[in-house]
Amino acid sequence: MGHYNDFVGLGVAGNFALHLEQAGESADFKDVLTEDPNGPKGMFPFYMPGSAGQIGIYPISSDTIMLPNEECNVQPEPEVALICDLSYDTDGNVTNIEPKFFGAYNDCSLRKEGAAKISHKKNWGKASKGLSDTLIPLDTFEKGGVMDTYRIASFLRRDGSLFRYGEDVELPGYSYFYGKLLEWMKNQINTQTDFGPLEPIGAYLKAAGLPRKAIISIGATRYTHFGETNFLREGDEVIVVVYDNAKYCTNPILSMANRGALQGEGISALVQKVIRG
């Protein structure tokens with residue numbers, strides 16, 4: 001999957017209640033003050049086209065997660081990604097974020113102590129992220145639109161058995177969603193500074209030539225007990241499913257995942273085999 005080479009990749013941290021605590025990352029943000037204690041903590045880059053650093057390596061795959069060479073716990077993060085158009089003013093500040101499509105995303109992350117920035121745990125090379133080949137067009141990114149009835153579920157297939165990895169939750173369950181999320185992201189990109197685990201996203205966009213397209217992952221959902229306590233092994237299969245709850249219920253999605261038959265209208269599915277690099 002290389003057709004997003006020119007897209008900037010950004011993520012939202014802490015946009016679902018209790019995820020940071022489950023991931024052992026809440027301490028990273030102890031010095032980050034936010035206006036809303038229940039809101040997201042910040043944004044991070046996972047891919048900046050043209051960057052000379054690690055985040056300049058294209059990390060997205062639709063079928064593979066490649067484990068890093070270093071010994072480190074690796075954990076899927078089931079999320080929804082928005083494919084967006086970005087607009088800027090003459091000073092290079094973001095003036096509008098317009099979501100066009102959404103789909104299943106895996107913000108796979110390293111769980112290691114001492115990483116100075118969130119991005120240091122997000123992109124360790126090719127096939128360290130996942131995005132479904134099946135994206136769903138957006139009619140509007142606001143209440144009353146298509147996303148109202150969608151949910152996200154995730155599973156891990158290991159040694160022939162399928163386990164629920166993340167909780168099955170409705171997309172409007174995100175702490176910030178729709179217009180509130182867009183306004184927050186726009187402000188965060190334009191004002192976020194190099195502080196603690198955060199980085200100056202706006203300056204990065206200017207250095208990248210003000211990219212007009214973005215993949216924005218809007219936050220990881222909560223884990224099941226199995227997901228919280230089990231990390232990836234070679235041979236595992238990670239499954240993230242975004243589905244229309246008006247067409248499918250929870251148990252049929254589980255059955256379809258078990259059969260490897262996650263196709264149909266109203267489904268964006270990501271299935272990634274875990275390999276050793």
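## A core, a helix and a sheet

The largest nonpolar core here has 55 residues, and Phe102, Met147 and Leu171 have the most contacts inside it. A nonpolar core is a set of buried Ala, Val, Leu, Ile, Met, Phe, Trp, Tyr and Cys residues joined through side-chain atoms within 4.5 Å. Buried means under 20% relative accessible area, with a 1.4 Å probe and protein chains only. Keep in mind that this is a predicted model: local features need pLDDT of at least 70, side-chain atom pairs count only at pLDDT 80 or more, and totals for chains, interfaces and linings use all residues. Residues are numbered from 1 along each chain as its sequence is written, and side-chain values use heavy atoms, leaving out hydrogens and water.

- Leu171 touches Val80, Phe102, Met147, Tyr150, Arg151, Ile152, Phe177 and Val242 (heavy atoms within 4.5 Å), if you skip residues up to four places away in sequence.
- Another core, of 15 residues, lies apart from the largest one, and Phe7, Phe44, Ile83 and Leu131 are among its members.

**Helix 2**

- Helices (H or I, at least four residues) and strands (E, at least two) are DSSP runs, numbered from the N terminus.
- Tyr178, Leu181, Leu182, Trp184, Met185, Gln188 and Ile189 are buried in helix 2.
- Looking down the axis of helix 2, the buried residues fall within an arc of 165 degrees (taken from the directions from the axis to the C-beta atoms), so they line one face.
- Those buried residues pack against strand 1, strand 2, strand 7, helix 3 and strand 13.

- Five strands make an open sheet in the order 4-15-14-11-12, with mixed pairing. Two strands pair if DSSP finds at least two bridges between them.
- At the edges are strand 4 (64-67) and strand 12 (161-170), and each pairs on one side only.
- Strands 14 and 15 pair in the antiparallel sense over seven bridges, and Val242 stands opposite Ser268 in strand 15.
- Strands 4 and 15 run parallel, joined by four bridges, and Leu67 has Arg276 in strand 15 as its bridge partner.

Note on methods: Buried means under 20% relative accessible area, exposed over 50%, partly exposed in between (1.4 Å probe, protein chains only).
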